[in-house]
Amino acid sequence: MSHPASTNTLRSEHGVANPASTALDADRAPLLKLENISKIFGGVKALRAVTFDVMPGEVLCLAGENGCGKSTIIKIISGVYQPEPGAVMLMDGESIEGLDPARARDLGIQVIWQDLALFPEMTVAENIAFEQNLGSRPRLVSYGKMKEAARRILERLGVSVDLNRSVRSLSIAQRQVVAIARALVRDARLVFMDEPTASLSHAETQALLKIVRRLSADGIAVVFVSHRLAEVLDVCTRVTVFRDGQYVGTFPTEGMTQTRLTELMTGRTFDYEVRTTDLSKAPVVLEVQGLSRARQYHDVSFKVRRGEILGVTGRLGAGRTEVALSLFGMTRPNAGSILLDGKALSVRTNRDAIRAGIAYVSEDRLQLGLVQPQSIGDNTVAAVLDDLLDSTHLIAAKKRNALIQDWIQQLAVKIGKPDDAVSTLSGGNQQRIVLAKWLATNPKLLILDSPTVGVDVGARAGIFAIIHKLASEGMAILLISDEIPEVYFNSDRILHMRDGRIVKEYVPGTTTMEQIERDVHA
Amino acid sequence: MNTSTSHRSFAPHVPADVAGLLGFLALVIAVLSFASDRFFSESTFVSVAFQLPELGFFTLAMLMPLISGGFNLSVTFTANISGLAMAWVLRTYGGADAGAIAIILGIAAALATGAAAGWVMGAVIARTGASPILVSLSMMIFLRGLGEFLTRGGDISGFPPFVREMGNGVFLGVPIPLLIFLGCALLWHVVMTRSRLGFATRMIGSNLEATRYSGIQTTRAVTRIYMLSGLMCGVAGVVMAAQFNSVRVGHGEAFLLISVLACFLGRVDPFGGFGRVVPVVIALVILQVIASGLNLLGANQHLATALWGVFLLAVMLFRWAWANGMSKTLVRKRAAATEGVTQ
Amino acid sequence: MPDFRKLGIGSIEALLILVIAIMVIGLSLSTSTFLTAPNLFDLLNQSSVNIIFAVGLLVVLIAGGIDISFAVGASVVQYLTALTVMRLGGGNWALGFIVSAFFGFLLGSINATIIYRFRIVSIVVTIATFNVFFGGLMFLTGGVSIYDLPDWWTDRVSLIHFSTVSGNANLALPVAVMVVMVIATWFLLRRTTTGRQLYAMGDNPEAARRVGVNIGAMHYIAFGWLGMMAGIAGLMQAHYVQEVVPNAFYGRELDVLAAVVLGGARLGGGRGTILGAILGILLTAITANGLNLLGISPYAFKMIIGAIILIAITLSSGGFAKLVGARFTSQSVKASS
């Protein structure tokens with residue numbers, strides 16, 4: 001059916017600010033005030049005269065697509081980069097020009113990057129209190145003092161982690177706690193958290209947000225950087241949006257929806273149509289029955305038909321990628337069955353899965369989807385070498401080059417030369433090469449795991465055009481995504497997973513996007 | 001990355017790095033000819049032609065592990081053990097009077113021994129993820145010990161005439177070891193450029209996990225890479241035994257450094273993922289010419305050893321300076337293109 | 001049951017202690033000479049030099065690097081020390097220690113400079129410097145040993161000396177020096193902030209850099225410390241055998257590396273203990289000693305040690321299950337959604 005009228009027809013002004021006034025007291029002085037911040041890298045403007053304020057003790061979300069300038073502004077604030085001349089940087093009303101990392105730390109500015117930067121072989125206590133070991137003059141180590149400092153911080157955060165365990169033995173959520181504790185050990189006043197909820201389960205995310213609220217109550221300002229909007233809308237009071245290196249505005253999160261926020265971040269509106277293909281007569285390509293894997297997913301059952309795009313959404317830790325990896329043969333389920341075209345599928349490795357006709361586009365394009373230093377051509381043919389052999393069992397150059405050219409053309413990938421490293425391509429074009437690689441295997445089922453992460457807004461439409469075309473040609477597609485609008489407008493049906501189970505199924509035509517949003521983030 | 005433009009002309013297009021190396025070779029020959037008037041002569045040429053293969057086999061053995069992001073410290077001792085295997089077979093079947101069948105069996109035994117040692121290393125590296133340096137180091141210690149145990153530290157000598165001919169003879173004007181080497185180099189070239197294993201080697205050298213996700217059997221590939229490395233050591237062992245009519249554990253130790261040097265001089269990336277046979281072969285020629293030249297100039301063997309070390313450092317320093325200059329340009333371009341991607 | 005972890009005894013150390021204990025018992029029963037004071041003292045005397053090497057190498061491994069040039073470097077330092085003290089009219093122990101530590105540090109700094117400044121991996125650099133040091137030494141000295149060292153250097157110093165039915169038991173000076181070096185290294189690694197920074201750099205170099213560790217200084221400290229240890233080891237070796245032989249240490253680096261790895265240090269950095277390194281050396285020393293006393297060919301020793309190392313690395317890197325190919329999921333698969 002048609003799409004609900006209200007939110008979807010909102011149009012935001014193209015370009016700059018329509019800054020809503022914040023709901024905070026106008027006379028409270030900002031902790032950090034940045035104005036006219038620009039940064040140029042090799043002739044390209046990464047930031048254009050942006051504004052950025054943080055109030056003391058608030059939880060602020062910094063939202064924006066990849067490439068919008070989020071990490072640049074953080075690096076400027078933490079002293080790694082210097083802004084272009086003309087910048088105004090004030091902390092507590094005083095100018096803080098010429099920052100370097102050490103000085104920024106002295107001012108109480110801490111950044112927790114996504115890779116956490118911990119020392120796995122050392123204990124929790126030692127990681128947290130490591131700054132006691134710094135300084136050019138060698139001193140005696142006091143393990144007791146380190147433990148005491150660590151204990152105090154953890155107590156303040158209201159969490160408990162065994163101080164003597166090595167960080168290597170901790171779960172990712174626990175490591176995050178250690179990273180936060182370390183950031184706090186030196187009287188932090190402003191803490192940046194870069195994508196902190198990646199790799200956390202729902203329960204762990206809640207525990208993390210509890211810590212964040214505590215910090216805020218203690219007067220420490222926290223800036224959440226994320227493109228996963230749901231959790232941050234929960235815990236942040238305001239959200240600052242950057243787009244293409246420009247400041248869009250700062251808005252209260254009260255009343256803000258994911259959809260509206262996405263529109264602000266991307267500058268595009270969602271006036272798409274939902275899919276209305278009738279697939280009731282289409283044969284079932286994939287049937288999953290009672291699939292379970294200990295601690296990952298439980299009793300998962302669903303069907304995907306020819307030409308159908310089945311969306312799978314949910315919060316982090318829902319188990320979606322785990323199910324996908326089992327379908328792809330990377331892991332083995334403990335129970336249940338998988339039927340492909342009606343025949344039972346038993347795969348021991350991903351190679352078997354690929355041969356059977358299942359392809360998996362990983363959400364980690366940089367590390368798992370492509371071999372970045374190698375050529376575009378080599379990346380394209382990596383999954384189909386067996387099909388390119390000549391009579392002597394060697395790779396036939398003609399077949400190889402023909403295949404590469406064919407797919408580059410079909411998917412309209414903008415490249416220099418096939419011998420160029422794939423790392424020279426933009427995110428969107430890289431993703432097209434990933435698709436080319438998998439489509440070359442002629443799959444029956446294509447699993448897409450967060451396929452547009454790190455892809456520019458402009459490029460996303462192109463990628464989904466490809467996906468829709470594939471579906472119309474009969475491919476069965478599983479679309480895993482956190483972004484509900486993305487799933488809503490591109491799926492025939494949507495599964496909602498939570499804590500390893502499927503909890504509900506929706507048909508986009510009969511449910512509103514807001515309803516799904518509410519259910520997922522309840 | 002090479003930018004080889006294809007012209008519709010009769011001249012074959014020569015990649016930049018090959019051209020650079022050929023130029024360097026010309027320079028080296030010029031300098032040595034200047035330093036000694038006996039250099040540019042037939043006997044030098046012959047000496048290079050006979051001595052190059054030994055170094056060449058070890059370099060080929062080192063090549064694939066390096067490209068895959070690993071290392072093989074045990075190349076010389078694997079060669080020794082393989083030579084011993086051949087010697088043992090021949091000894092059992094008549095020693096210096098052994099017949100053709102025995103010789104063939106002996107060679108087969110040598111190749112099998114080398115391949116087996118390589119296979120064990122590859123399997124351990126592939127399945128346990130242990131550092132290739134450590135694994136090949138322990139294999140090296142083991143093989144050295146095994147070899148010394150079997151030979152009581154002495155030589156095994158006395159090979160049949162045919163074997164000696166293989167090591168010192170000439171066929172159609174070309175020394176037989178050189179023919180064998182060229183054949184092996186050609187085989188390696190084909191494997192690296194046209195086979196699935198060669199493809200896998202490069203991809204694995206750059207990113208093992210992503211390669212695995214693409215459906216390539218990385219465990220099998222790594223095992224085979226080291227097995228081939230061991231096989232080439234076996235060839236080295238056979239040819240060394242043939243050339244010197246004896247096998248001694250520890251023979252060829254100096255070649256470890258020089259084979260690594262040849263690979264890096266031949267533009268193999270120390271971090272893995274990139275490397276071609278052709279530039280490495282040219283690098284081999286350069287190094288052998290230098291070695292022969294030093295020999296001719298009467299340079300002390302130990303001085304030569306020290307100079308090899310200096311040369312390796314010089315090559316790595318040069319690469320660093322080059323990469324530094326290049327990367328400054330690249331950094332500017334890349335920063336513009338990818339700035340903002342949260343790392 | 002005491003908490004072994006608090007005593008700094010991890011699982012690898014415990015395993016080594018167990019294996020050593022079994023060997024000691026076995027050898028005591030099967031030979032009449034093993035468990036005697038003369039033999040045990042000799043064992044200690046001869047292992048001391050290797051232990052000094054080992055604690056030096058341990059520091060580099062913990063910092064995330066590797067160095068195979070230290071043994072031939074020790075020979076170079078021996079020569080330089082001999083020449084220096086003789087030039088200065090004889091000298092004494094104090095001068096000997098200072099000079100050998102100084103030259104050792106210098107050689108280590110050369111490695112550190114090339115590795116850090118020019119960003120070349122340490123295995124390649126130290127393969128090169130190995131050849132430069134050894135080739136250079138042999139060329140310049142002509143392979144000639146120095147026999148007439150000053151008296152203070154070669155006069156026998158006995159820490160403990162008594163006679164027994166099985167011969168004279170004599171504990172020599174290298175043992176005392178070894179103990180001092182072990183304690184000094186332990187102090188550096190465990191008790192100083194510098195040691196913590198070394199561990200951090202080996203554990204996660206990028207994180208260490210971000211946190212503010214001076215990576216360059218750490219390189220010099222690590223390789224310099226190994227160089228100093230190597231120099232002092234050379235000093236002790238010359239004292240024990242009463243001469244300086246330029247190629248005496250050739251190949252020693254691999255034996256020491258193998259033993260230290262056996263003791264739990266790993267090439268990746270961030271891991272390793274003094275106790276483990278010492279146990280590794282002792283294990284190999286007792287094996288050699290035992291094989292010798294049992295009349296087994298000394299050639300078998302290298303072979304057995306190599307096999308042990310290979311097995312140890314295999315088992316410790318992932319366990320037996322991995323080797324046999326048991327079905328397991330890739331550890332890098334992140335459970336993210």
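Predicted model: local features only at pLDDT ≥ 70, side-chain atom pairs only at ≥ 80, totals over all residues.

Biologist: Good. How much helix and how much strand is there over residues 167-189 of chain C?

Modeller: That stretch of chain C is 74% helix and 26% strand, and its end C-alpha atoms are 39 Å apart. It is among the spans that the unreviewed UniProt entry lists as "transmembrane region" for chain C.

Biologist: And what about residues 123-147 of chain C?

Modeller: Those residues of chain C are 76% helix and 0% strand, with 34 Å between the end C-alpha atoms.

Biologist: Which residues of chain B does UniProt list for "transmembrane region"?

Modeller: The entry, also unreviewed, gives 18-35, 55-79, 99-121, 170-192, 225-243, 249-265, 277-297 and 303-322 of chain B. Take 225-243 of chain B: the span is 100% helix and 0% strand, and its end C-alpha atoms lie 27 Å apart. Residues 170-192 of chain B come out at 74% helix and 17% strand, with the end C-alpha atoms 29 Å apart.

Biologist: Let's stay in chain B. At what angle do helix α2 and helix α10 of chain B pack?

Modeller: At about 170°, with 8 Å between the axes; α2 of chain B covers residues 42-67 and α10 of chain B covers residues 218-244. Angles over 145 degrees count as roughly antiparallel, so α2(B) is roughly antiparallel to α10(B).

Biologist: Which residues meet there, in α2(B) and in α10(B)?

Modeller: From α2(B), they include B:Phe57, B:Phe58, B:Leu60 and B:Met64. Among those they meet in α10(B) are B:Ile225, B:Tyr226, B:Met232 and B:Val239. By type, this contact has 16 nonpolar residues, one polar and one charged.

Biologist: Now chain C against chain B. How many residues does the contact take from each chain?

Modeller: It takes 42 residues from chain C and 38 residues from chain B. On the chain C side, α5 (122-141), α11 (252-262) and α13 (298-324) each give two or more residues. Helix α13(C) gives the most, with 16 residues.

Biologist: How do the residues of that side of chain C divide into nonpolar, polar and charged?

Modeller: The side of chain C that touches chain B has 27 nonpolar, 12 polar and three charged residues.

Biologist: And how many residues of chain C are in contact with chain A?

Modeller: Here 27 residues of chain C contact 31 residues of chain A. Helices α8 (193-203) and α9 (205-211) of chain C each supply at least two residues of the side that touches chain A, and the largest share, seven residues, comes from α8(C). That side of chain C splits into seven nonpolar, 12 polar and eight charged residues.

Biologist: On to chain A, then. Into which domains is chain A divided?

Modeller: Domain 1 is 118-185, domain 2 is 272-357 + 445-522, and domain 3 is 366-442. The C-alpha centres of domain 1 and domain 2 of chain A are 40 Å apart.

Biologist: How do helix α4 and helix α5 of chain A cross?

Modeller: Their axes cross at roughly 110° and come within 10 Å, α4 of chain A being residues 143-157 and α5 of chain A residues 172-184. The two helices, α4(A) and α5(A), are therefore roughly perpendicular to each other. A:Ala150, A:Ile153, A:Leu154 and A:Leu157 of α4(A) make the contact with A:Ile180, A:Ala181 and A:Leu184 of α5(A). This contact divides into seven nonpolar residues, no polar and no charged.

Biologist: Last topic, sheets. In what order do the strands of the open sheet with β13 of chain A come?

Modeller: The order is β16-β17-β18-β13-β19-β20 (chain A), six strands with mixed pairing. Strands β16 (358-361) and β20 (501-506) of chain A sit at the edges with a single partner strand each, so one side of each has no neighbour in the sheet. From one strand to the next, the twist averages 20°. Strands β13 (residues 309-314) and β19 (residues 493-498) of chain A run parallel and are joined by five bridges. There, A:Gly314 stands opposite A:Met497 in β19(A).

Key: Residues numbered from 1 in each chain as written. Chains lettered and ligands numbered in written order. Domains from an automatic or database assignment. Contact = placed C-beta atoms within 7 Å. Helix = DSSP H or I, 4+ residues; strand = E, 2+ residues; numbered from the N terminus. Nonpolar A, V, L, I, M, F, W, Y, C, P; charged D, E, K, R; others polar. Axes fitted to C-alpha atoms, helices over the stretch in contact; angles between N-to-C directions. Parallel < 35°, antiparallel > 145°, perpendicular 65-115°, else oblique. UniProt positions renumbered as here; feature names shortened; annotations may be inferred. Pairing = 2+ DSSP bridges.
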